[in-house]
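Subject: Structure handover

Hello,

Here is the structure I promised to pass on. Please open it first, then read my notes below.

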Amino acid sequence: MLEKNYKKIIIALALLLVVSIGMSFKFYSDLDLLKNPEAAEQKEIASIVNKLGKLMELPQGETPTVATVTDPEKLKDQVFFVNSKVGDKVVVYEKSQKVILFRPSENKIIEVSPYNLPE
């Protein structure tokens, strides 16, 4: 009986050790991204482009600008943002003159529109 409890304790400690090591690596990588916000931004853009690229053809040879919708109520008067929600990503391809409203939480494209730069 004591031997079974001892084995359970050893297994629990081993699992705790594995989880601790995994969390340490995660926190270390997060800390590295906090030290270099540009790298974090590039990582986010790459992730969004990767997800969008699975849903539609994207312009090649161009890195988009990405913004996050934080207050959809302020944007409701613009047709493009009528169905936007907090957390949606606005992906702008300036050279290709294309703008995409993407909802990462649902992995869904909400809107696509041509984008004309003001002269």
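**Aromatic pair**

A search of the whole structure turns up one aromatic pair. F80 counts as buried because its relative accessibility is 14%. F81 is buried too, at 12%. (Buried means under 20% relative accessible area, exposed over 50%, partly exposed in between, with a 1.4 Å probe and protein chains only.)

**Basis**

This is a predicted model: local features need pLDDT of at least 70, side-chain atom pairs count only at pLDDT 80 or more, and totals for chains, interfaces and linings use all residues. Residues are numbered from 1 along each chain as its sequence is written, and side-chain values use heavy atoms, leaving out hydrogens and water.

**Strands**

Strands are DSSP runs (E, at least two residues), numbered from the N terminus. Two of them pair if DSSP finds at least two bridges between them.

Strand β3 covers residues 98–103, and five of its six residues are buried. Strand β2 (residues 89–93) runs antiparallel to β3, joined by five bridges. V90 faces L101 in β3. Their hairpin has four residues between the strands, and Q97 there takes a positive phi near 50 degrees.

β3 also pairs with strand β4 (residues 108–114), antiparallel, over six bridges. Here I100 stands opposite V112 in β4. This hairpin has four residues between the strands, with N107 at a positive phi near 50 degrees.

Best wishes

Notes: Rings of Phe, Tyr and Trp (its six-membered ring) pair if their centres lie within 6.5 Å; planes under 30 degrees apart count as stacked, over 60 as edge-to-face and the rest as tilted.
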